[in-house]
Amino acid sequence: MIDANRLKILTESAKYDVSCSSSGSTRANRKGGIGNASIGGICHSFTPDGRCISLLKLLLSNRCIYNCLYCPNRAEADVPRASATPEEICELVLSFYKRNYIEGLFLSSAVDRSPDHTMELLIDTVIRLRKVYRFNGYIHLKGIPYADKALISRAARYVDRMSYNIELPSEHSLKLLAPQKSKESLLMPIRQLATEKFVFDQEKKGKHSTRFLPAGQTTQMIVGASPESDGQILRLSEAFYRKFSMKRVYYSSYVPVVHHALLPKKCTGLLREHRLYQADWLMRFYGFTADEIAGTSENLPEEYDPKCAWALKNMHLFPVEINSAPLEMLLRVPGIGNLGAYKILKARKFSSLGFEDLTKMRIVLKRAKHFITCNGKFFGSENISTVKTMLALEAHEEKYEQLSMFSTPETSVSALTGQL
Amino acid sequence: MNVYILDGTENMFYSAVFFAYSDADCILSSAKNIQLTLDARIITVEYEEDKCERVKKKIAQYDPKALSDIALILKRGCDTKEMTALQYIRLILKNRAPVRDQLSHPMVIEAMDERDKVTLEAHRFKGFLRFMEGDHGIMYAPFSPDNDILELILPHFLRRLTTQPFIIHDTLRHKAALWNGKECAIAQTDDRISVRFSPDEENFQHLWQEYYCAVNIAQRPHEKQMKGYMPVRYWKFMPEKNPGLR
Ligand code: SF4
């Protein structure tokens with residue numbers, strides 16, 4: 001059994017990886033097996049920082065041959081080192097899983113000895129879980145750059161999701177801060193997995209016996225360790241979604257754990273991270289393009305969320321009439337989200353909706369009222385600078401609430417997802 | 001005013017609805033300590049199969065999905081649940097159609113809110129339920145939910161722990177689901193079931209507590225959010241919130 005001390009080291013090294021989500025995969029339990037993956041994702045606990053625990057998030061080893069400047073586990077750092085065997089990890093996963101502590105495993109590792117060596121140990125662990133222990137719960141595996149192509153596609157047949165983190169938003173920054181990782185070493189496996197998954201899903205249509213990354217790929221980048229603008233970052237994300245059908249891009253605001261002349265001394269504000277998630281949400285669910293949200297060299301405004309910012313720039317499109325506006329337009333109204341738009345669509349079939357009806361339906365109108373009419377009546381302010389001030393004041397209130405919403409479960413309507 | 005006294009079962013409820021439907025200002029309740037007014041006339045309801053079925057058939061005719069909404073509402077742990085369900089039924093029968101989507105109607109809002117409280121809690125306990133390993137390898141999970149959700153979460157755990165015998169025990173309602181790997185039964189229980197734990201149980205609880213502390217980012221405290229997502233009343237049976245619990 002793994003001891004508490006090693007567990008602590010291997011957990012603490014893994015915890016900054018924000019991707020906690022266990023959603024997006026369905027994996028039925030097989031006869032004689034244990035576990036399944038649930039489509040909505042399930043939170044098993046919440047830590048005092050307000051984040052959800054869904055997966056057992058662990059490094060297999062924190063011994064690293066590389067030297068990424070920002071990383072507490074880089075080769076030159078003087079930190080306690082530990083590793084766990086595949087068998088120890090399996091035992092821990094099963095014991096936690098059957099006690100209903102966790103939904104599955106998020107396994108990652110530093111580059112111990114060599115990329116292939118590490119990747120082999122990771123694969124050994126997941127195959128053991130699936131074959132020896134017949135574990136059908138959720139597994140997310142973080143890929144090791146430079147590992148052999150065949151190893152990468154082998155892993156993809158056993159796990160629900162894989163991620164290669166792009167780490168930094170530009171090639172230049174990557175060279176500077178993570179000198180051993182090249183852009184290609186990260187992009188190649190992402191491209192390989194996307195292509196293989198596409199081919200696999202085409203051939204496999206309807207047949208369920210084997211699977212290839214049913215929950216797809218995700219990636220993550222550190223925001224604020226390097227000088228790229230939000231506009232640049234969002235264009236990169238957009239490309240990931242379009243070209244590689246990436247399921248999620250995670251943004252992790254930079255925390256200085258390591259001191260170095262090339263690194264900023266200060267934390268990046270969580271507000272910036274939050275605004276990026278909001279903008280990301282607009283691209284994924286509301287049909288916005290990166291171009292509409294921010295110019296290439298622009299940052300997202302701090303005063304209000306990106307949907308407000310877009311609406312204020314496009315006042316000629318507003319106000320829209322709640323009782324007749326199409327879904328796409330309702331979704332573009334500041335303050336009205338998926339759920340609100342859906343409620344409006346349904347309710348207006350039965351009776352035309354007045355302002356009070358929206359309140360009864362618990363649609364928050366503080367922001368929305370400046371951009372809508374109900375049966376032709378307008379309740380907002382005509383004066384755009386008044387609107388701006390009011391929106392900014394409102395966002396200010398929201399700011400302190402959400403600043404600390406560092407990470408929350410994807411299952412709830414929440415800040416990390418950036419839902420607007 | 002007529003007051004129909006119920007026992008909390010669905011059958012009894014629908015039997016009463018047969019009469020109560022057109023009885024404009026009546027009260028339907030299964031509450032133990034119901035407050036009666038001076039003009040109250042108490043009616044003890046009896047289960048009558050034909051009336052019960054007729055009511056259900058009528059409702060299903062106008063909205064096939066309504067019966068499952070009502071079943072959920074009746075699992076609420078609050079005294080007004082029968083009235084909420086009755087008013088919802090009246091509205092369906094009056095409209096002769098589903099009313100679920102009339103989202104600005106106060107009665108619909110209330111019914112859907114109550115239903116959602118039940119499904120939300122059931123969803124939460126898929127995550128918050130905690131099993132402990134007994135010395136014969138049976139997993140035991142006590143919990144005391146606000147609503148009567150044992151039967152709602154059971155299928156989830158049956159799918160997940162197919163070969164693993166387990167007991168889920170609602171300590172508030174004194175009932176438990178027992179699964180031996182082949183058959184499942186719901187049984188009435190005492191307040192406490194005595195279980196001897198396996199020798200490893202303490203170790204794994206300890207590792208879990210250790211893990212819980214290690215993943216927390218101490219520089220970013222947000223207790224309020226933690227408690228919002230995981231209400232304090234649920235902590236009782238969670239090892240990570242009870243370092244002394246063994
Ligand atoms: S590869 Fe870089 S980021 Fe990963 S553990 Fe090693 S030093 Fe840290």
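Colleague: How many salt bridges are there over all chains?
Modeller: This is a predicted model, and the count over all chains comes to 37 salt bridges. One of them joins A:Arg128 to A:Glu87, whose closest N and O atoms are 2.7 Å apart.

Colleague: Which helices do A:Arg128 and A:Glu87 lie in?
Modeller: A:Arg128 lies in helix H3 (residues 115–132) of chain A and A:Glu87 in helix H2 (residues 86–98) of chain A, so the pair ties together parts that are 41 residues apart in sequence. A:Arg128 has a relative accessibility of 27% and counts as partly exposed. A:Glu87, at 33%, also counts as partly exposed.

Colleague: What about A:Asp291 and A:Arg235?
Modeller: Their side chains meet in a salt bridge, 2.7 Å from N to O. Helix H9 (residues 290–293) of chain A holds A:Asp291 and helix H7 (residues 230–244) of chain A holds A:Arg235, so this pair links parts that are 56 residues apart in sequence. A:Asp291 is exposed, with a relative accessible area of 59%.

Colleague: Let us move to chain B. Where do B:Arg100 and B:Asp63 lie?
Modeller: These two side chains meet in a salt bridge of 2.9 Å, N to O. B:Arg100 is in the loop between H4 and H5 of chain B, and B:Asp63 is in the loop between H2 and H3 of chain B, so the pair ties together parts 37 residues apart in sequence.

Colleague: Is B:Asp63 buried or exposed?
Modeller: B:Asp63 is buried, with a relative accessible area of 2%. B:Arg100 counts as buried as well, at 15% relative accessibility. Salt bridges that share partners join B:Asp63, B:Asp69, B:Arg100, B:Arg115 and B:Asp116 into one network.

Colleague: Now the contact between the chains. How many residues does it take from each?
Modeller: Chain B gives 52 residues and chain A gives 67 residues. The area buried between the two chains is about 5,200 Å², and carbon and sulfur atoms give 58% of that area. B:Arg160, B:Tyr211 and B:Arg220 supply 16% of the area that chain B buries against chain A, more than any other three residues.

Colleague: How many salt bridges are there between chain B and chain A?
Modeller: There are six salt bridges between chain B and chain A. A:Lys98 and B:Glu133 meet in a salt bridge through their side chains, at 3.0 Å from N to O. Between chain B and chain A, 23 residue pairs are in polar contact, both residues being at pLDDT 80 or more.

Colleague: Which helices of chain B supply residues to the side that touches chain A?
Modeller: Helix H5 (106–128), helix H6 (150–160), helix H7 (201–215) and helix H8 (223–229) of chain B each supply at least two residues. H7(B) gives the largest share, twelve residues. On this side of chain B, 23 residues are nonpolar, 15 polar and 14 charged.

Colleague: A change of topic: what does S7 of chain B pair with?
Modeller: Strand S7 (residues 175–179) of chain B pairs in the antiparallel sense with strand S6 (residues 166–170) of chain B over five bridges. S7(B) also pairs in the antiparallel sense with strand S8 (residues 184–188) of chain B, over five bridges. Within these pairings, B:Asp170 has B:Lys175 as its bridge partner, and B:Leu178 has B:Ala185.

Colleague: And the turns?
Modeller: S6(B) and S7(B) form a hairpin with four residues between them, and B:His174 in that turn has a positive phi of about 55°. S7(B) and S8(B) form a hairpin with four residues between them, where B:Gly181 in the turn has a positive phi of about 100°. As for S7(B), four of its five residues are buried.

Colleague: Which elements do the buried residues of H1 in chain B pack against?
Modeller: They pack against strand S1 (2–5), strand S2 (27–29), helix H2 (49–62), helix H3 (66–73) and helix H4 (81–95) of chain B. The buried residues of helix H1 (residues 10–20) of chain B include B:Phe13, B:Tyr14 and B:Val17. At the start of H1(B), a side-chain oxygen of B:Thr9 reaches to within 3.3 Å of the backbone nitrogen of B:Met12.

Colleague: Lastly, how many helices and strands are in chain A?
Modeller: Chain A has 14 helices and eleven strands. Of its 420 residues, 61% count as buried.

Key: Residues are numbered from 1 along each chain as its sequence is written. Chains are lettered from A and ligands numbered from 1 in the order in which they are written. This is a predicted model: local features need pLDDT of at least 70, side-chain atom pairs count only at pLDDT 80 or more; totals for chains, interfaces and linings use all residues. Side-chain values use heavy atoms; hydrogens and water are left out. Contact means heavy atoms within 4.5 Å. Buried area is the accessible area (1.4 Å probe) that two parts lose on being put together, summed over both. A salt bridge is a side-chain nitrogen of Lys or Arg within 4 Å of a carboxyl oxygen of Asp or Glu. A polar contact is a pair of N or O atoms within 3.5 Å; within protein, one must be able to donate a hydrogen and the other to accept it, and residues adjacent in sequence count only if both atoms are side-chain atoms. Ala, Val, Leu, Ile, Met, Phe, Trp, Tyr, Cys and Pro count as nonpolar, Asp, Glu, Lys and Arg as charged, and the others, Gly among them, as polar. Buried means under 20% relative accessible area, exposed over 50%, partly exposed in between (1.4 Å probe, protein chains only). Two strands pair if DSSP finds at least two bridges between them.
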